[in-house]
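Here are a few notes to read alongside the model. Have a look at it first, and then we can go through the points together.

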Amino acid sequence: MSVALPLPPGSAIGILGGGQLGRMLALAAARLGFDVVVLEREADSPAGRVAVKLIVGDYTDEAALAELAAATSLVTYEFENVPSAAVDWLVTHGIEVAPGARALAVAQDRFEEKTFLNAHGVPTVAFAAANTPDEAVAAVTALGAPALMKTRREGYDGKGQRWIEHAPDAAAAFAELGGVPVIVEAAADFVRELSIIAARGRDGATAVYPLAENHHERGILRRSIAPAQVSQATADQAERIAARVLAGLDYVGVIGIELFEMADGRLLVNEFAPRVHNTGHWTQDGCEVDQFEQHIRAVAGWPLGPTKAIAQVEMLNLLGEEADAWAKYAAEPETRLHLYGKRGARPGRKMGHLNRVKPL
Ligand SMILES: Nc1ncnc2c1ncn2[C@@H]1O[C@H](COP(=O)(O)OP(=O)(O)O)[C@@H](O)[C@H]1O
Ligand SMILES: [Mg+2]
């Protein structure tokens, strides 16, 4: 590692990806005195417009990576589908990348992810991999219908998924998903979806936020309520899960872990994201140090900040044209508005979010 840590204010931090998570990371980094350099494919992006420098290029474009490497010695990322080749190139050229390549590789493949979790004593639904239509049918037969088929790589916001009601339908669903390797998951009969946002520093110190309760519509997060009403046993269980995942990945940074709460109180992990997470946006207005600053602190080798809740928050995503009502929301005294500066409100596109705060 060629970077001296803790990284002093005035240094530059690179971010791979220019979306809203990158934008909010950049704003938090700026508050701590850092400059942010963004590498992103699009010339006009939420993070690009708040960064001191925007490099427009593909993540595997070596000229673009070289420009990033020249501008910063520490790089992080804001989405988990950054090609591993980009991270390998940066590391080979002496750049410190956090979270590390292993966390990225495990999180990029839903089968590897669940295999990793189970190997580290973290429960998930039963699952099987399938690479052919026949294997897909066999997987649903073994797990029982209904089952959920997901592409192993590249899905997000519910994309790349098909429910299978009858095992023979799995062959057609496999083809519909592109004939790519898939994971077939048993249906989780959960009572609630929860998530835990956690962080691990360079020194191995960890911090966890109070749990959030999450509601999805058509595979997209709609709203989070936090801190969620949970028993102490549930909170403890989630913390144990987070500790195992963080240690197992030798992780540095903030991670978002999605959980299914079962009727018997057990928590199963659905998936994790090696980055700041939409279900952690409430921390911006509800916690002492929010997930974005926490991530910057962790990767920069600073001490982690306190995570205690200071307010009760309802976080609502503003999808598509919903963000056009910004003036109405801005007039609500309990509402904190966070807009991403995206042009073009395509249906379902995350344009911003709001945090409605109440005293605890
Ligand atoms: N095995 C499962 N059983 C029941 N519901 C599931 C299962 N897996 C996912 N879901 C539902 O679909 C949503 C999206 O799936 P997820 O695996 O988190 O994909 P994405 O990467 O798109 O967020 C989850 O938040 C949950 O509501
Ligand atoms: Mg998810």
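1. Helix α2 (residues 62-71) and helix α3 (residues 84-92) pack at about 45°, and their axes are 10 Å apart. Their crossing is right-handed. On the α2 side E62, L65 and A69 take part, and they meet A86, W89 and L90 of α3; contact here means C-beta atoms, placed from the backbone, within 7 Å.

2. A word on what you are looking at: this is a predicted model, in which local features need pLDDT of at least 70 and side-chain atom pairs count only at pLDDT 80 or more, while totals for chains, interfaces and linings use all residues. Residues are numbered from 1 along each chain as its sequence is written, and chains are lettered from A and ligands numbered from 1 in the order in which they are written.

3. The protein is divided into domain 1 (12-97), domain 2 (126-186) and domain 3 (190-358), with bounds that come from an automatic or database domain assignment. Over C-alpha atoms, the centres of domain 1 and domain 2 are 34 Å apart.

4. The largest nonpolar core has 79 residues, and L25 and I257 have the most contacts inside it. Such a core is a set of buried Ala, Val, Leu, Ile, Met, Phe, Trp, Tyr and Cys residues joined through C-beta atoms within 7 Å; buried means 20 or more other C-beta atoms within 10 Å, exposed 12 or fewer, and partly exposed in between. Helix α1 (residues 20-31) gives the largest share, six residues. Domain 1 and domain 3 both contribute residues, so this core lies between them. A second, separate core of 17 residues includes A130, V140, L143 and A147.

5. I257 deserves a click of its own. Beyond its neighbours within four places in sequence, I257 is in contact with residues including S195, I241, V269 and F272.

6. Back to α1: this helix packs against helix α10 (residues 291-299) at about 65°, with the axes 8 Å apart. That makes α1 roughly perpendicular to α10. Among the residues making the contact are M24 and L25 of α1 and F292 and I296 of α10.

7. Finally, Q312 lies in strand β16 (residues 312-319). Q312 counts as partly exposed because there are 15 C-beta neighbours inside 10 Å. Leaving out residues up to four places away in sequence, Q312 touches K358 and L360.

Conventions
Helices (H or I, at least four residues) and strands (E, at least two) are DSSP runs, numbered from the N terminus. Two residues are in contact if their C-beta atoms, placed from the backbone, lie within 7 Å. Axes are lines fitted to C-alpha atoms, for helices over the stretch in contact, and angles run from 0 to 180 degrees between N-to-C directions. A crossing is left-handed if the near helix is turned anticlockwise from the far one by less than a right angle, and right-handed if clockwise. Angles under 35 degrees count as roughly parallel, over 145 as roughly antiparallel, 65 to 115 as roughly perpendicular and the rest as oblique.
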